[in-house]
Amino acid sequence: MRRTSLAVLLLLAACQRGPVMDGTARDGGASPSASGLERAAIETGVIADTGRTSPVGLYQRSHEAGRDMLCIMPDGKGAFRFGAQAMFGEDQNCRGRGHARRAGDKLILSFERADRCIIVAQYDGDQVALPGVVDMKCAALCEGRGSLEGVSFPRIGNDAASALRARDARDEPLCE
């Protein structure tokens, strides 16, 4: 009985596939890599394909110190223009306008009237998130102790009309 059990165990061990070092199943079976899983989720519509999702629209977050807003409008083939406002309390805010372009899952925001302030933001289709550290040249966009560092803007509208309706704290159009 022991010999038979040992023989069956050895046969089972020989039939099993060893671990795959590249993160993919050899036969496309039950353990796809993370990127394969993500591709499948995109193909079935479970998650958005950020490569195909236009950033045009309105992004906004309300909080106790005010309202952070970002509007993005089309501006020619593959280019965008934007307006941004971040509020941090009375006399503590940042605001600016400029041009944007996509680079994969990033938005490159080039602000006007700020000595070459460029911010590379993360874009996932539902939110635009600014990095935790921005160039010191971007301080010209802010009043008081305000900073654009780490500000995120969740999407609330995905069309140019909602972006055009956005009004800043001075009740002026955020995007024009």
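Biologist: Why is the link between cysteine 71 and cysteine 175 called a disulfide?

Modeller: The term takes a pair of cysteine sulfur atoms within 2.5 Å. Here S to S is 1.9 Å, so cysteine 71 and cysteine 175 qualify. Bear in mind that this is a predicted model, where local features need pLDDT of at least 70, side-chain atom pairs count only at pLDDT 80 or more, and totals for chains, interfaces and linings use all residues. Side-chain values use heavy atoms, with hydrogens and water left out, and residues are numbered from 1 along each chain as its sequence is written.

Biologist: What does the pair of cysteine 71 and cysteine 175 tie together?

Modeller: Cysteine 71 sits in strand β2 (residues 66-74) and cysteine 175 in the segment after α3 (160-165), so parts 104 residues apart in sequence get tied together. Helices (H or I, at least four residues) and strands (E, at least two) are DSSP runs, numbered from the N terminus.

Biologist: What makes cysteine 71 buried?

Modeller: Buried means under 20% relative accessible area (1.4 Å probe, protein chains only). Cysteine 71 has 0%, so it counts as buried. Cysteine 175, at 3%, is buried too.

Biologist: And how do you know that cysteine 142 is buried?

Modeller: Its relative accessible area is 17%, so cysteine 142 falls under the cut-off. Cysteine 142 is joined by a disulfide to cysteine 94, which is buried at 1%.

Biologist: Which pattern do the disulfides of the protein chain follow?

Modeller: It's 1-6, 2-5, 3-4, counting bonded cysteines along the chain. The whole-structure search finds 3 disulfides, including cysteine 117 to cysteine 138, with S to S 1.9 Å.

Methods. Buried < 20%, exposed > 50% of the residue type's maximum accessible area, 1.4 Å probe, protein only.
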